[in-house]
Amino acid sequence: MIKKLDLYIIRKFLSTFFFMIGAFVVIAVVFDISDNIDNMIKSNAPWHKILIDYYINFCFYFGNLLSSFIIFLTIIWFTSKLAQQSEIVAMLSSGISYRRIIRPYFISAAILVGLSLLLSHYVVPYANRKKYDFEMQYLKYTNNIDEKNVHREIEPGTIAYFYQLNPSKNNGSKFCLEKWDNGQLKYKLLSDWATYHPERNTWTLENAQIRTFADDGKEKLEIRAKIDTTFNMAIEDFGTRSEIASAMTWDELNTYISEQQLAGSGKAQIFEIEKYNRTAGPFAIFVLTLIGVSIASRKQRGGTGLHLMLAVIIGFIFVFISRIATVSAINLNFPVYIAVWVSSFLFSFVGLWLYSRAQK
């Protein structure tokens, strides 16, 4: 049953959290306005689109992005104040066990985990899609393709390759197109330069060589200075903004990951990280709750300031380990589902150790 003690701590927890996340979001919006207001004015973006399509969705995106860390700061902040005002000591002195005291913390954490799962899987992807559409239309954000030697299977048996792409100019160097049939190369097109024309959905190839291989092994070579043609591909098929993963639904992520793995893209792991983080991120709240309560519930010299400093240090280490694990997943083919959970797994032992040493 929920008692007065539970309601008191739950009310403190949730009210402090929503106040802090509101403050962080307002600060983020102010900084974003200062960065983008000139571009919005130059592009004649309607004010209702700026407010509804961009900034309301920006609030969902940014709030969900920092929710775990803000929850950690929330616990440290209000629990430290309770400890400094001797409220924790009074509870323990009255015979209430430490385990009983932290129960409302985990009730609050469970509420926020459920809210975060709902936002991460359903609300935020839709909000990010609206936000990114606004950015592409009015802020002129472009896709980035940092990798070289990019190849994609644009249709079964047909492989397209670029040495390097420049999406801002819709062109790429050292283009190659191969068509295979039952493991045999039937057609190969080489071009020094390929330019995409999105308004016509056509390609212009320069200094092209076309090799056609017959079944009897004979080869036909054709050299042309310029070719205007069409392919079943666009420049956007070879690169996407990495942030676009957060605008995909669960089913879209699974489909895109399968396509990228089939095409041999190095970006599949980025989308797998987004997929697993949508579940691992919210559940990290339980671990951070245990750590936060165990640290801040002890009354000591230095008070709230010392507790907040410890929170920042622990939060930095948590993010650092998580970042190292995800980089390893991308560059060293480390299993992604392990990489996104490893920081929570390791810090759960830290939380249990701190809990065992907490004032009881």
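How much space lies in the largest pocket? About 1,300 Å³. Hi everyone, that pocket is where I'd like to start.

A quick word on the model: it is predicted, with local features needing pLDDT of at least 70 and side-chain atom pairs counting only at pLDDT 80 or more, while totals for chains, interfaces and linings use all residues. Residues are numbered from 1 along each chain as its sequence is written, and side-chain values use heavy atoms, leaving out hydrogens and water.

By pocket I mean, on a 1 Å grid over the protein atoms alone, an open set of points with protein on both sides within 12 Å along at least five of seven lines; lining residues have an atom within 4 Å of a point. The volume is the space filled by probe spheres set on the points, which are joined across faces, edges and corners.

So who lines this pocket? There are 39 residues, and Leu 65, Ile 273, Glu 274, Asn 277 and Ser 322 lie nearest the centre. Helix 6 (268-296) is among the helices that supply at least two lining residues, and helix 6 gives the most, with ten. Helices here are DSSP runs of H or I, at least four residues, numbered from the N terminus.

Just after helix 2, Ser 86 takes a positive phi of about 65°. Thanks, everyone!

Definitions and conventions. 1 Å grid on protein atoms, 1.4 Å probe; cavity = no way out; pocket = protein on both sides within 12 Å on 5 of 7 lines; lining within 4 Å.
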